[in-house]
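Let's take a walk through the charged side chains of this protein.

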Amino acid sequence: MRVPRQPGAHSLRLLSLLVYVMGAAPSPALTAGCPDRCVCDDQLVVQCAGRELTQFPADLPLATRQLIISNNRIGDLPALQLNYLSDLVYLDCSNNSLAEISESTFGNLHKLAYLDLSFNTLLQIDERTFGPLGSLVMLRLTDNPGLREIHADAFAENAALQVLDVSRNNLSAFNVSGLIGLPSLRSVGLSGNPWRCDCDTEDLCLWVQIENFKFQDEGQTVCQSPAELTGRRLAELGMQLRADCHQGLGYWDYLFFVAIGFVIFSAGTVSAWVMGVLMVLYERYSKRKSEELDSDDEDSRGGGGGKQGNGDVRKTGVQV
């Protein structure tokens, strides 16, 4: 641990005057201690690399701006301790034993611009893992041999991201829908992964082909499967996969549609014929019913008139 240099009387007077004039408290980096087996300096840099640490260093100065904990055996980044470092802009966690990170890991590191997670044992990157890192410019995720999956929205909110390196992992597919829309992205590393070049990676291959200037290692970004495409560059397969995965209709497709059309037409014709027959029968029934009602009415009126005539004759006879 570095022994702090004793400040001179002139320096103390100057510092006291500055604090008095600005009405500010001394920086935590100058008042807090330095973690065991780490070295801290006045530039707010904490150097803990290669110290055989198995846990995240405790008692870090709250104003730390650069934290280097590479080349240790740290297995976890405790969110509570890490998120106290709200002024952190540089974090190097490479060559450790990190197996899992999440959105909460970096929840309060809104100023972080550089993050190195290479040479760890990460298995997957979940949705919005790096979402809180709105100022992130460079992210290194290389050499995690168990890293098989990166969620499509893992980087969707990192609008400032310029450099992303996911080389030498175990990725066979990569949904790039969240990356294509990043406005600042200018460099992507994809080499050294066992890419499976099929319809699942069609968009990736097409993106590499169209914007190959972003891929510095494009020549080494090749397919591992299927066997007939092994060793082929992703950049030369984009249009081929687009054509293969979106083929036109074949003979059997047309035959199927013709058969379906005939069935629908036949069903419609039969339905129309049945409805027509039912309408005719109903019309005939209604007409016959109407005729029967009219006949009954005429019979009723005829019988009533005869009775009235007989009554008049009888009445006349009595008067005579």
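Start with aspartate 294, which sits in helix H7, the run covering residues 251-319. Keep in mind that this is a predicted model. Aspartate 294 has a relative accessibility of 43%, so it counts as partly exposed.

Now for charges that are paired up. Counting a Lys or Arg side-chain nitrogen within 4 Å of an Asp or Glu carboxyl oxygen as a salt bridge, you get twelve of them. One to look at is lysine 111 with aspartate 87, where the closest N and O atoms are 2.8 Å apart. Lysine 111 is in the loop between strands E4 (90-92) and E5 (114-116), while aspartate 87 is in the loop between helix H3 (79-82) and E4, so this pair ties together parts that are 24 residues apart in sequence. Both ends are partly exposed: lysine 111 has 43% relative accessibility, and aspartate 87 has a relative accessible area of 24%.

Next, find arginine 196, which is partly exposed at 27% relative accessible area. Which residues does arginine 196 bridge to? One is aspartate 198, with closest N and O atoms 2.8 Å apart; another is aspartate 200, at 3.4 Å. Aspartate 198 is partly exposed, at 24%, whereas aspartate 200, at 57%, is exposed.

Note on methods
Residues numbered from 1 in each chain as written. Predicted model: local features only at pLDDT ≥ 70, side-chain atom pairs only at ≥ 80, totals over all residues. Heavy atoms only, no water. Helix = DSSP H or I, 4+ residues; strand = E, 2+ residues; numbered from the N terminus. Buried < 20%, exposed > 50% of the residue type's maximum accessible area, 1.4 Å probe, protein only.
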